[in-house]
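Welcome, and take a moment to look over the model below.

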Amino acid sequence: MSQSHMSTRLVRVFRYDPMIGGEGHFDEYTLEIEDDTNTTILDVLIRIQKEQDPSLAFRYACRVNMCGSCAMVINGQERLACKTNVSDICGEQNTTFHRKRVTAGNDTNDKSTGREITIRPLNHFPVVRDLVVDMEPFFDKFEKSIPYFEPAEHMEEPAVIAPDARERLDIGLATECILCGCCVSSCTMVHYHDGYVGPAALNRAFTLLADSRDGLHDLRMNQVLDSCYNCRTEFNCTEVCPKEISPTRSIKYIQLLAAKKSLSGKGKRAPDITPEPVEPTAVEPVSAVANNLPNPDRRRFLKNLTFGLGTISAAVVGGVAATAAIGPALEKGKNRWIRLSKLDSIAVGEVTTVTMEYEETFGFHHSRQSKPVLVSRPAEDNNIVVYSSTCTHLGCTVSWDENKRQYVCACHGGAFDEHGNVVSGPPPRPLDRFVYKIEDEHLFVELV
Amino acid sequence: MDSDNKLKYRNPLHWGELDPHRKAGTHIGMWAWIWQRISAIAIIFLIGLHMTLTYKPIIQLLLLITLVFHAALGLRVILLDFNLVNVRYRNALIAGLVGLGIAMIVIIWIRIY
């Protein structure tokens, strides 16, 4: 809380007159506030109505955070006007955006001037007038959660719930919801999924579903589970709830309950009860809501587009992964003949080192390999032996030592005789030999 | 309101409509959600690049960063979904897990190169 002091505030209030219609606009009022730490936004609105503009419409009842009537969007966040002090808004003015606004204002000398308060009706509800919204769609959806308790077993005595019972602790303060609509207004998904019953209704359903005495469990679960999957875990509802409830947690809890049930095999789907069609009433708001949704063609198009893009991405990623994983295994079956050199260039009675060059493909990766091979040609005939230069011990390169008449490996002192057999050192087996062929006076080896 | 009411209601305001403060007040959880989706799409492209241009350190690094970031935010949602972490730590989890991820990136990168 900042220190109390006299300040002048610019208050911007959304105005909409149903007699005129249109999109609505903001009216600006300047107000002297004596002590912003004990002046609520509701006080501000009441003063504007009394002192400056009696036509201003807003809704309130209890003034003590109990009824949830005065929910509105105050400086970008859903809050109860009666719970929010002017000084609370002041504390949030220190963002870049606000600083810019303040410096742009004329009265930069007085720190408090220019820090405006913007008040707007809740999102996702038809606006009746100024800050008053029609809560009808909210309560219609709330009813989907079957918001009352029906005991599974009839009891004569009131139930005794231990304060430390698991269920009681799980449900916690989620029963404190006052149905102000802040969560629905803050939820971006409410706009995109017309069947989504919203955070408040799901929170209510959670408080009853988590209760093992609930007699309507399956029916309720049937009604609300689909809605739970519209939640994208943005936690907007949790951030704004004036009662500090987390509807996101409630939604996830319902999903968890459903998952546990189906995993344990006890899940019995309640008889499919066709949800009651939303009766088109004569009142405007319902049609207003309907008009506001994307038309069916567009929705179908978006659905198909999403599905199509998903399929293409899956195919591309799957294809890439499959080629990379299976490709090399398939290619191994094909042995290739690699041309080494002309037969004439291989000296008789000696061991010649020839570099074998070839292209290797591994998945999408191509590389040029060059490996030395050792060609031994004892006599002037076609009896040749082609040794791999890879030491059979740990894969170092062996070379021919003319003086010792041995193939030697520099790494660990392995030595092989003229026929590739181990003479000394750690190699476990003779040098590997390549299968070769001679075609058109050229020497080829087979690459496995 | 009775059904004879001919007053014209204004269409519902949308999230952020006519609201100069909305952008500045967007909660961190929403940014986490949006960026996880963006990183998901980035991963698809980066994997394609990684498979075609193998062993290019810059692509490896980008893919590693994007994957770790995506995984950190995904783990956060899993931890909260299964009620393994109290919901009041939802924002601390973003910083914690992304920080852990960055530490892992540094370790992995130093070990590779």
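Helices here are DSSP runs of H or I with at least four residues, strands are runs of E with at least two, and both are numbered from the N terminus. Axes are lines fitted to C-alpha atoms, for helices over the stretch in contact, and angles run from 0 to 180 degrees between N-to-C directions. This is a predicted model, in which local features need pLDDT of at least 70, side-chain atom pairs count only at pLDDT 80 or more, and totals for chains, interfaces and linings use all residues. Residues are numbered from 1 along each chain as its sequence is written, while chains are lettered from A and ligands numbered from 1 in the order in which they are written.

**Helices α8 and α11 of chain A**
- The axes of α8(A) (residues 199-209) and α11(A) (residues 247-264) come within 8 Å, crossing at roughly 50°.
- The two helices α8(A) and α11(A) are therefore oblique to each other (under 35 degrees is roughly parallel, over 145 roughly antiparallel, 65 to 115 roughly perpendicular, and the rest oblique).
- Residues of α8(A), including A:Leu202, A:Phe206 and A:Leu209, meet residues of α11(A), among them A:Ile251, A:Tyr253 and A:Leu257; contact means that C-beta atoms, placed from the backbone, lie within 7 Å.
- The residues of this contact divide into eleven nonpolar, two polar and no charged (Ala, Val, Leu, Ile, Met, Phe, Trp, Tyr, Cys and Pro count as nonpolar, Asp, Glu, Lys and Arg as charged, and the others, Gly among them, as polar).

**Helices α9 and α11 of chain A**
- Helix α9(A) (residues 217-228) has an axis that comes within 10 Å of that of α11(A), and the two cross at roughly 115°.
- Here A:Met221, A:Val224, A:Leu225 and A:Cys228 of α9(A) meet A:Ile251, A:Ile254, A:Gln255 and A:Ala258 of α11(A).

**Where chains A and B touch**
- Chain B gives 36 residues to the contact and chain A gives 53.
- On the chain B side, α1 (28-52) and α2 (57-81) each supply at least two residues.
- The largest share of that side, eight residues, comes from α1(B).
- The chain B side holds 18 nonpolar, twelve polar and six charged residues.

**Confidence in chain A**
- The mean pLDDT (the predictor's confidence in each residue, from 0 to 100) of chain A is 83, and 84% of its residues reach 70 or more.
- Over residues 91-114 of chain A, pLDDT stays under 50.
- Residues 277-292 of chain A also have pLDDT below 50.
- Where pLDDT is low, the predicted coordinates should not be read in detail.

Key. Contact = placed C-beta atoms within 7 Å.
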